[in-house]
Amino acid sequence: MSSTVGRLVATAGDMDVSGLAAIGYYLRLYAVELILEESRDQRSEEQTQLATTLLNQVEEYKTTVDTSKDEDQGAYTVLHDQDKAKMYVLNFAMSLYNEKLKQLHDGNWDASLRRGLWCCLDLFQCLGKIWDMQNELKDRIKYCKIYLRKIAREKPPMPQVDDKELDEMLERLNTESKEENTPPKFVDESEEQVPEDPEPEPKPNSKPNSNPEPKMPETKAKEAIPPSPAPPRSTPDLRTMMDRSALIEQIQKKAKYVISALNYEDVSTARQELTSALSLLQDLEKQ
């Protein structure tokens, strides 16, 4: 627990200096929740003081954002609209995750890979805790843990990743969003095959997979490899992200209307809602 909290605090600080303070805000909230989950008789005085310090930092950031609401509407929205906040943190986590999958695929297993996988793991677990996404992200959490164990087992101890290198990685993911409005391409959950145990050879997926798995450098034991990821994308800017999120919500609602209409054999309404949903999908593809 203490090592996890310490890592979360350090990562939150890295986010702050990389222009991703909103993500640091939620990582601190997650760290506080982990500390408070410990019973009082098990929680040390140092942990209690750390929780107090983190809550003060969270409140200071929230006050700053609220005060400058007119200057930074995006940051204000990410703090006060939990749907948008979830999408923002998830998009960033998936950007980093896709980049680390590509690094795994290319065989460039260095200290930055290990640090990036730890960051992905913390972000996914933060999303699971704060926004109740454990089921949606359980496979990706497994992948992060499997490859962190694999790296620790097959590689000699690596030096800590250079802070400057980490800052550059986070800054790149943040600043590229100003040049590109397309959100990161998510890896389809249905295409991922996660072994229950990283040691034995995994069972083949019963469903055909249109995306062949990448070939990894030969190791002593075969292990499941995530499907070849799309080229790493950047975190989308807040305005574009919110516009896409609203459009996706409309499409999802219309899809539900289609199903509901068909349950009552109302074919006319189902056709109308389906046509509308397809039209919105075309608009989504153009963004």
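Predicted model: local features only at pLDDT ≥ 70, side-chain atom pairs only at ≥ 80, totals over all residues.
Good morning. I begin with Asp 81, which counts as partly exposed because its relative accessibility is 26%. Asp 81 forms a salt bridge with Lys 84, and the closest N and O atoms of the pair are 3.6 Å apart. Lys 84, by contrast, is buried, with a relative accessible area of 14%.

Let me now turn to the overall architecture. The chain contains 10 helices and 0 strands. Read along the sequence, the pattern is α-α-α-α-α-α-α-α-α-α. Of the 287 residues in the chain, 44% are buried. Among contacts with a separation of 6 or more, 71% are between residues 24 or more positions apart. The chain exposes about 16300 Å², and carbon and sulfur atoms supply 49% of that area.

Helix H1 covers residues 2-17. How far apart are the end C-alpha atoms of H1? They are 23 Å apart; at 1.5 Å a residue, the 16 residues should span 22 Å, so the two values agree. Several residues of H1 are buried, including Val 5, Leu 8, Ala 12 and Met 15. The buried set in H1 also includes Thr 4, Arg 7, Thr 11 and Asp 14. After H1 comes Gly 19, with a positive phi near 80°.

Most residues other than glycine have a negative phi. Asp 132 is not a glycine, yet its phi is positive, at about 55°. Where is Asp 132 found? It sits in the loop between helix H6, residues 111-131, and helix H7, residues 134-154. Is Asp 132 buried or exposed? At 58% relative accessibility, Asp 132 counts as exposed, because the threshold for that class is over 50%.

Next, the salt bridges. The structure holds 9 of them, and the pair of Asp 81 and Lys 84 with which I opened is one example. Another joins the side chains of Lys 62 and Asp 66, with an N to O distance of 3.3 Å. These two residues are 4 apart in helix H3, residues 45-67, so about one helical turn separates them. Lys 62 is partly exposed, at 26% relative accessibility. Asp 66 is likewise partly exposed, with a relative accessible area of 28%.

A further salt bridge is formed by the side chains of Glu 273 and Lys 254, at 3.4 Å from N to O. This pair links distant parts of the chain: Glu 273 belongs to helix H10 and Lys 254 to helix H9, and the two are 19 residues apart. Are Glu 273 and Lys 254 buried or exposed? Both Glu 273 and Lys 254 are buried. For Glu 273 the relative accessible area is 15%, and Glu 273 is therefore classed as buried, the limit being under 20%. Which residues does Glu 273 contact, leaving aside its neighbours within four places in sequence? They are Lys 254, Tyr 257 and Val 258.

The UniProt record, an unreviewed entry, places the feature "domain: Vta1 C-terminal" at residues 248-282. In the model, this span is 91% helix and 0% strand, and its end C-alpha atoms lie 11 Å apart. Helix H9 runs over residues 238-263 and contains Gln 252. Gln 252 is partly exposed, at 46% relative accessibility. The C-alpha atoms of Gln 252 and Ala 277 are separated by 8.1 Å, although the two residues are 25 apart along the chain.

Which residues make the nonpolar surface patch of about 250 Å²? The patch is made by Leu 274, Leu 278 and Leu 281. Leu 278 itself counts as partly exposed, at 46% relative accessibility.

To close, I return to two points. The chain has 10 helices and 0 strands, and the salt bridge between Glu 273 and Lys 254 joins helix H10 to helix H9. Thank you for your attention.

How values were computed. Residues numbered from 1 in each chain as written. Heavy atoms only, no water. UniProt positions renumbered as here; feature names shortened; annotations may be inferred. Patch = residues over 30% accessible without salt bridge, like charges linked within 9 Å, V, L, I, M, F, W, Y side chains within 5 Å. Areas by Shrake-Rupley, 256 points an atom, 1.4 Å probe, with all protein chains shown as cover. Salt bridge = Lys/Arg side-chain N within 4 Å of Asp/Glu carboxyl O. Buried < 20%, exposed > 50% of the residue type's maximum accessible area, 1.4 Å probe, protein only. Contact = heavy atoms within 4.5 Å. Expected span 1.5 Å × (residues − 1).
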